[in-house]
Amino acid sequence: MEQLVVCGGCNAKIGAGNLGKLLEGLPKLNSDKLLVGFDSSDDSAVIKLSDTLAIIQTVDFFPTMVTDPYLFGKIAAANALSDVYAMGGMVLSALNIVAFPEQNDLSILREILQGGAEKVQEAGGILSGGHSIHDRTVKYGLAVTGTVHPAQILRNDTCHEGDHLILTKPLGVSIITIGYSAGEISRESFIKATDSMQTLNKYAMDIIRNYPVTSCTDVTGFGLAGHLHEMLHGVYSAHIDTKKLPYFAEAYEGAKKFILTAGGQRNRNYLENKIDFQIDDFGLEEIIFDPQTSGGLLVTVPEVKVETLMKDLHNNHIPAADFGTIVPKENKEITIY
Amino acid sequence: MFKVDALGKACPLPVIETRKALKEHDTVTTLVDNKIATQNLEKMAKQLGYVYQMQEDSPTHYTVVITKGAVEPEQTVETEQTVNAGHKADDEYIVVINSDKMGIGEEKLGKNLMKTFIYTLTEQDVLPQRIIFYNGGVPIVTEGSESLADLKNLAAKGVEIYACGACLNFYGLTAKVAVGEITNMYRIVEMMRSAYRIVKP
């Protein structure tokens, strides 16, 4: 089986700071049908069709982060589908987006599309075509359409003071996958991380949507720090207890061995001055900035509901952790202890 | 000064390669083509307590120089016998024995010390890669040597043992070699030149 060259995943994402500035100057069409759009840094656009139905539109694609094309297809698709779940929606349909070098063996592309199609099917969505171009490097993803009741949209900027922070997958997958490509991480650790990456956030959302969660996003390229920053939207601060933080032990060990990614450093540059590290632990700092490909859902939950939600998630084998709280705005946006 | 050319290489490779080079060299110059890579090198240097210097030659060419600080514990492991490094683990070493006596002084004591030295090698956490015997050292690998059992023990654990062929010939001991391999000056020079560290009793 021919293999892919590794160069990306969510690590390839354009830095958050650069993107925000660039978008500010673009024309915006205001419509009362647009329920979630450019104004917030949310995961998807949501457009109201009727009082009981809205559609969620999102697109996500990136360069390869693993060498196995079938696995890459599954991870890229799980990542793209995740934005619909992060809005509280259900997947309706998806279209492939493909860039593929002209001289490469088409059987590789077939494997990628096979992986993607299986994930869309698992999500209960209709995969109905797509668009492919020739390019120098392989890229794959999906444009996804989902549905949601307008009253049940989960935004990323609606948390309340006192809410707990819950994350449904362990952090550290970029350190592991990139460290594995560099020969510094074991295959067992790599498999653990990629198993997590190809797991649909559908299963976590199917539980979460039964609880009165106040906000939700998925942790992807900007890392935990970046996506939490969006969640706090300049109004709140957060406290993170690193003893409860979910992460792969191998990623922590890898960071200490200096498997330092470009995406992680970009996130650090953007957010470092907003964070008060009360712990002196370089490995944990790197985990908090590590870009996630197909990361977990980050939700804020009223304290009274935390215990039952956590129990429900764990009973359904979702490795969720309750690791922090939303507090009134402080000098530093995120305190890590 | 050792140089790592990481131009065109994506993170974390510039950091990993520089980290490896720093295990063998006190100062490493790394060339990278993007600023993010320099920041990652800076993070590593800071964590290790090393001195970091960076020069932006152009937006796609940066020269980073990392030097081990005086207080850095790893540096004390380095010894003056460190010869040309290549790419070796930092606990690798070879042993060179050029006499049947250890140190200068009373002959009987010298011979006892040498016997104890070779026995003590067998007890080390990290065994030498190879032991080279020449000149007055070659009798130790021949019949009647009190260290034969220890040397055979080391050989069984994978330690390569070599004796200088010209020396054995000179002393008339060629037929009596009881452990290891006979070698020549070319190989001896090559093994010594490429060793990470040479231990001489």
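Student: What should I know before I start?
Tutor: This is a predicted model, where local features need pLDDT of at least 70, side-chain atom pairs count only at pLDDT 80 or more, and totals for chains, interfaces and linings use all residues. Residues are numbered from 1 along each chain as its sequence is written, chains are lettered from A and ligands numbered from 1 in the order in which they are written, and side-chain values use heavy atoms, with hydrogens and water left out.

Student: How many residues does each chain put into the contact?
Tutor: Chain A gives 14 residues and chain B gives 14 residues. Contact means heavy atoms within 4.5 Å.

Student: And how much area do chain B and chain A bury between them?
Tutor: About 1,200 Å², with 69% of it on carbon and sulfur atoms. Buried area is the accessible area (1.4 Å probe) that two parts lose on being put together, summed over both.

Student: How many salt bridges cross the interface?
Tutor: Two. The rule wants a side-chain nitrogen of Lys or Arg within 4 Å of a carboxyl oxygen of Asp or Glu. One of them joins E184(A) and K20(B), at 3.4 Å from N to O.

Student: Which helices of chain B touch chain A?
Tutor: α1 (13-22) and α2 (35-48) of chain B each supply at least two residues of that side. α2(B) gives the most, with seven residues. Helices here are DSSP runs (H or I, at least four residues), numbered from the N terminus.

Student: New topic. How many disulfides are there over all chains?
Tutor: One. C164(B) and C167(B) form it, with their sulfur atoms 2.3 Å apart. The cut-off for a pair of cysteine sulfur atoms is within 2.5 Å.

Student: Why is it right-handed?
Tutor: The torsion about the S-S bond of C164(B) and C167(B) is about 80 degrees, so the disulfide is right-handed.

Student: Are C164(B) and C167(B) buried or exposed?
Tutor: Both are buried. Buried means under 20% relative accessible area, exposed over 50%, partly exposed in between (1.4 Å probe, protein chains only).

Student: How accessible are C159(A) and C216(A)?
Tutor: C159(A) counts as buried, at 2% relative accessibility. C216(A) is buried too, at 0%.
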